[in-house]
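Please examine the sequence and the structure shown below.

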Amino acid sequence: MSWPGFSFPFGAWFFLTLIPLVVLYFLKLKRPRVEISSLALWQSVVNDQRVNSPFQKFRRNLLLLLQLILLMLVILALMQPFISAGPETVEYLPVLIDCSASMSSKVNDADETRLDLAVEQVKGMIDNLRGNGKIALFTFSSGGRRLTEFSDDSQLLLRALQKVEPTDRASKLDEVLRMAEAYSRTASVEKVVVITDGNLNDQVDFELPFKLDIQRVPTGGNNLGITEMTARRSGPESWDVFVRVSGSATETAYADLRLLKNGETIGKEAIEASVEDSERVVFSVESKEAALLQATLTAKDFDSLQIDNSVWLNLPNTRPLKVYAAEKLYSWQHALSVQTETELDTAAEPSLPEYDLIITDVEDLKGSTAPIVVYNGLVPKELQDLISVAAVTENDTPVQIMDWLQTAPLLRHVQLRDVQIAEKAKYINDADSQALEERGYEVLIHGAEGPLMLQRRRGLQTEYYFLFHTDRSTLPYRVAFPILVSNVTEFALQQASLSEVAATATGVLPAISVAPNREYQVKGPLAGTYNVTSTPSGILVGVQAETVGKYDIFDGEELVASVGTGLLSSLETSLRPVDEIQFSEVRVATDEVKVIDSDRHIWWSLAFLAFIFLLFEWWYFQRAKGGLAA
């Protein structure tokens, strides 16, 4: 049996007020002298006098009894008694609340979201603390965030819970679990509770050091959403825009899809989609100048999630690809000259400060930059103590290409097995590929004695190093060479957003080219602006975009650029819960959320009972007075 507890035990001091109430019934009353016509009431007067005389036998008095009961009920109600539902927490309990986009989906015919249900579940845990343990609150979507330290202060926890809001981002569990693991090193954490809708990846690369209790809130209603939006260049001044719409229900749902260009509708399609059959729509768009496209979806029936119904995409200016090929690289120049939509510069030195692609046989680019740079016959200075290159002599074994990374953008569909090379690159000073990786280089082509081609990424720039000179090999005479040049050109077009662009998902905006070392104002879809400063190379990076919508970049009063975002997550749009999650060494089931038995507060029952006693007392004695008068 669980005895009642009290939220305000200090209210018991009010029981001392029972003493003066009883004392009042022992005091002698001073009555006036009155002449009466009969002695019938004399016996009652004698009895009252006896009661009000100290140390006399106390007679039964209904009024006193009712007043004592009434006062005790009021005091007990003041102490706020409750019947405990039992301990629902361990000593230290991290609670992780899913705030991903799908948690803002609504249940059919209700305004309540799944996040509202999750918050109510956590409130039940907080109400049942009562000294049984401490809770730390975390929220997560694509990243994790700690709301509170471990605490048993229910008011503090409830205030933190009021700040929980859904995000426009997909869910990712591993980062917040690592945060909880860090807290488990300073406290005895045996179990972690995750309150989620179950729209999680079914595989998480994380080793669980504690028991994980994943509780799912009820599934939301049917949903349609845009999960993909890309544009591919189809002509000098035209684009094909692809939009994919997916659903969450097994039954087909219907909607209207509109495409807007700079705010004006340029296309409209009727959509039919389900969880098993998404629909992909193609719009043809004529645009030579940069333009901002928006795809909007209007469902014809109930749609539980609204934030995946709008996606923005930026079309760039259509222009030729700016390419510089060094003066003596004739084979590269010849292969590049037949590529369409390219503007080739073959001067002795680069003439522009910025290119889209640079192919060179010297390391000094005279200040010119490009997102993609291909060095021909050069060893990076920082690797010259690890790699040596020398011409092949008659006594040397032929250079053999042993393997190459066929998934690299430059080497797709390229066959290098029979290529003969007149220069030999080999490791020195006991170096190996791991030593190169430690310095930021990846080997793309492996020779028998050392690397033949390297790749390095530096911010937005990708550098490729042919350690042998291509003109001192049979590569320019193989079919592989024009394929390689085509790959380089296509990759440069993609990096410059000239051949294919994709809509940006929420999180961080893509890099934006602006004036260097200058402060800009960013105004998003929500109220308010914030400032960001461009890098010395003139790039805005790391601009936060947490919500779906359009973000305007201002330089003072001048609009510099507009960039849009979308949810673009098939997992979030599908509202599909997973039944199990595979961790590194164990599988964890996701269970339907368990309704917590909250502590039952009974103070209101006592207050209501006191009110009943008050009404009874008033009725009884009013009735008695009425009977006496009669």
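This is a predicted model: local features need pLDDT of at least 70, side-chain atom pairs count only at pLDDT 80 or more; totals for chains, interfaces and linings use all residues.

Helix α5 spans residues 154-161, and its buried residues are Leu157, Ala160 and Leu161. These residues lie on the same side of α5, because they cover an arc of only 105 degrees around the axis. The general rule is that an α-helix has 3.6 residues a turn, so residues three or four places apart point the same way.

## An open sheet of eight strands

Eight strands form an open sheet with mixed pairing, in the order β16-β15-β17-β18-β24-β23-β22-β20. Its edges are β16 (342-345) and β20 (401-404); each has a single partner strand, so one side of each is left without a neighbour in the sheet. On average, neighbouring strands of this sheet are turned by 15 degrees against each other, direction ignored.

Within the sheet, strands β23 (residues 451-458) and β24 (residues 461-466) run antiparallel and are joined by six bridges. Arg458 stands opposite Gln461 in β24. Helix α7 (residues 330-337) packs on the sheet and touches β15 (321-325), β16, β17 (357-360), β18 (372-376) and β24. The direction of α7 makes about 155 degrees with that of β16. Helix α9 (residues 480-495) also packs on the sheet, where it touches β15, β16, β17, β18 and β24. The direction of α9 makes about 150 degrees with that of β18.

## Nonpolar cores

The largest nonpolar core contains 61 residues. Those with the most contacts inside this core are Trp332, Val374, Ile387, Leu411, Leu416 and Leu454. Helix α9 supplies the largest share of the core, eight residues.

Which residues does Leu416 touch, not counting those up to four places away in sequence? They are Ile401, Trp404, Leu411, Ile445, Leu475 and Ala480. A second, separate core has 26 residues, including Leu224, Val243, Ala255 and Leu259.

## The position of Thr590

Thr590 lies in strand β36, which covers residues 587-592. Is Thr590 buried or exposed? Thr590 counts as buried because its relative accessibility is 5%, and buried means under 20%.

The side chain of Thr590 reaches the backbone oxygen of Val578 at 2.5 Å. Not counting residues up to four places away in sequence, Thr590 touches Ile214, Arg216, Val578, Asp579, Glu580 and Ile581.

Terms used
Residues are numbered from 1 along each chain as its sequence is written. Side-chain values use heavy atoms; hydrogens and water are left out. Buried means under 20% relative accessible area, exposed over 50%, partly exposed in between (1.4 Å probe, protein chains only). Helices (H or I, at least four residues) and strands (E, at least two) are DSSP runs, numbered from the N terminus. The arc is that of the directions from the helix axis to the C-beta atoms. Two strands pair if DSSP finds at least two bridges between them. Axes are lines fitted to C-alpha atoms, for helices over the stretch in contact, and angles run from 0 to 180 degrees between N-to-C directions. Contact means heavy atoms within 4.5 Å. A nonpolar core is a set of buried Ala, Val, Leu, Ile, Met, Phe, Trp, Tyr and Cys residues joined through side-chain atoms within 4.5 Å. A polar contact is a pair of N or O atoms within 3.5 Å; within protein, one must be able to donate a hydrogen and the other to accept it, and residues adjacent in sequence count only if both atoms are side-chain atoms.
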